[in-house]
Amino acid sequence: MKHLLFLLLAMNAAAVEIIAHRGFSAKAPENTVEAFELAWKSGADACELDIHLTADGEVVVIHDKDTKRTFPGENKVIAKTKLADLKELATLTQALATMPADRGRFVIEIKTGPEIVPALVKVLEPLRERARQLAIISFQKDACAAAKKALPWIPVLQLSGSKDKKTKQPLDLAQVIAQAKAANLDGLDLGADWKWDAAMVSQIRAAGLKAVVYTINKPAEVARYAQLGVDGITTDDPVMAKKALE
């Protein structure tokens, strides 16, 4: 029996996708070509990145709505600035070009509302044959729904912390699941602040959804989530996470 349990735990760990948060952000500047290339070189299964829309309708890779934190100096608001004046940023196309042809996946987080989706379609449509190497996530429910409707061939997952951002009240997992199903989404990408256990993973899986957790940076926690059977673990340090699963 113990041997069987060990095999099951090992299978769970082997099946977990290790997602490099904003690239290998523990070792390189977040959301940069350098961070993505380092993540692939280090054996990450996937890279997460964040996207915003420029004033002239281009999709660029940055977490914040402006450059104040990541590029100190002149503060540029992405939505009010043209791509030509944001040369410090990678475009989504440039980021995607780092992905190996035979492995890996980019998990694209929409940081805006659904207004970015038409521009996103233009970038991703040529990659239809590489659908298995793409996923879309967002905290914005309307952005998730719009992305899934426009790009039905790409998995879309709802991001969520355990509390409502406005009321600060705990969210009901069953309701989050129901909303994801209603929008034809493919999974939930939930924060570590949820009360994760095997029953929670089973509840998500029973609804036909994938279960991904963010952002896990301690080896023991990586191992624990893998044993719970999650589909993916987002981390700032993919090398640490991979070692934790060995």
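Q: Let's start with Asp-186: is it buried, partly exposed or exposed?
A: This is a predicted model, and in it Asp-186 counts as partly exposed, because its relative accessibility is 25%.

Q: Which side chain does Asp-186 meet in a salt bridge?
A: That of Lys-148, at 2.8 Å from N to O. Asp-186 sits in the loop between H6 and S8 and Lys-148 in helix H5 (residues 141-150), so the pair ties together parts 38 residues apart in sequence.

Q: And Lys-148, buried or exposed?
A: Lys-148 is buried, with a relative accessible area of 12%.

Q: How many salt bridges does the count come to?
A: The count comes to 13. One of them joins Glu-17 and Arg-105, with the closest N and O atoms 2.9 Å apart.

Q: Which residues are linked in a network of salt bridges?
A: Arg-22, Glu-30, Asp-50, Asp-64 and Arg-69.

Q: New topic: helix H7. Which of its residues are buried?
A: In H7, residues 198-206, they are Met-200, Val-201 and Ile-204. They lie on the same side of H7 because they cover an arc of only 100° around the axis.

Q: What do those buried residues pack against?
A: They pack against helices H6 and H8 and strands S8 and S9.

Q: Which exposed residues does the face turned away carry?
A: Ala-199 and Ala-206. At the start of H7, a side-chain oxygen of Asp-197 also comes within 3.2 Å of the backbone nitrogen of Ala-199.

Conventions. Residues numbered from 1 in each chain as written. Predicted model: local features only at pLDDT ≥ 70, side-chain atom pairs only at ≥ 80, totals over all residues. Heavy atoms only, no water. Buried < 20%, exposed > 50% of the residue type's maximum accessible area, 1.4 Å probe, protein only. Helix = DSSP H or I, 4+ residues; strand = E, 2+ residues; numbered from the N terminus. Arc of directions from axis to C-beta. Contact = heavy atoms within 4.5 Å. Polar contact = N/O pair within 3.5 Å; in protein donor to acceptor, adjacent residues only side chain to side chain. Salt bridge = Lys/Arg side-chain N within 4 Å of Asp/Glu carboxyl O.
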